[in-house]
Amino acid sequence: PTTKAEVAAKVKKFFFFYSINRHKMTTLTPSYHAEDYSPEDNRHDLRQFLYNPGWKWQNRGIDALAERYEADARMRAEGGRPPGR
């Protein structure tokens, strides 16, 4: 079974690589623009394309949730009930 910490590490790794490669999705080759009509012209794609790959605030939140879920799992394993639930 995968632990919550392993899932958190995979999520953080995904967003790191997404942020360093996102700008590549906005470039189109000249041959792609050769036709007048294209349903995939990216003019209406208003998503941000430059990201700071650190994701410091988001990573702190992911780590906090992973720790919370791990603590809840430990408490259940000891026969207790997690707080607030």
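**Exercise 1.** Where is the place of Ser19? Find it, then work out its surroundings.

*Solution.* Some ground rules come before the steps. You're looking at a predicted model, where local features need pLDDT of at least 70 and side-chain atom pairs count only at pLDDT 80 or more, while totals for chains, interfaces and linings use all residues. Residues are numbered from 1 along each chain as its sequence is written, and side-chain values use heavy atoms, with hydrogens and water left out.

Step 1: Ser19 sits in helix H1. Helices (H or I, at least four residues) and strands (E, at least two) are DSSP runs, numbered from the N terminus. The protein has two helices and zero strands.

Step 2: check the cover. Ser19 counts as buried because its relative accessibility is 5%. The cut-offs are under 20% relative accessible area for buried, over 50% for exposed, and partly exposed in between (1.4 Å probe, protein chains only). Buried residues make up 9% of the 85 residues in the protein.

Step 3: look for neighbours. Leaving out residues up to four places away in sequence, Ser19 touches Tyr51, Asn52, Pro53 and Trp55; contact means heavy atoms within 4.5 Å. The side chain of Ser19 also reaches the backbone oxygen of Phe16 at 2.7 Å.

**Exercise 2.** Which side chain meets Lys12 in a salt bridge, and which parts does the pair tie together?

*Solution.* Step 1: recall the general idea. Side chains of opposite charge can pair when their charged atoms come close. The rule here asks for a side-chain nitrogen of Lys or Arg within 4 Å of a carboxyl oxygen of Asp or Glu, and the count comes to two salt bridges.

Step 1: the partner of Lys12 is Asp63, at 2.7 Å from N to O. Lys12 lies in helix H1 and Asp63 in helix H2 (residues 56-77), so this pair ties together parts that are 51 residues apart in sequence.

Step 2: compare the cover. Lys12 is partly exposed because its relative accessibility is 24%, and Asp63 is partly exposed at 37%.

Step 3: now the other pair. Glu67 and Arg74 meet through their side chains at 3.1 Å, N to O. Glu67 is partly exposed at 44% relative accessibility, and Arg74 is partly exposed at 43%.

**Exercise 3.** How far apart in sequence are contacting residues?

*Solution.* Take the contacts in the protein with a separation of 6 or more: residues 24 or more positions apart account for 61% of them.

Notes. A polar contact is a pair of N or O atoms within 3.5 Å; within protein, one must be able to donate a hydrogen and the other to accept it, and residues adjacent in sequence count only if both atoms are side-chain atoms.
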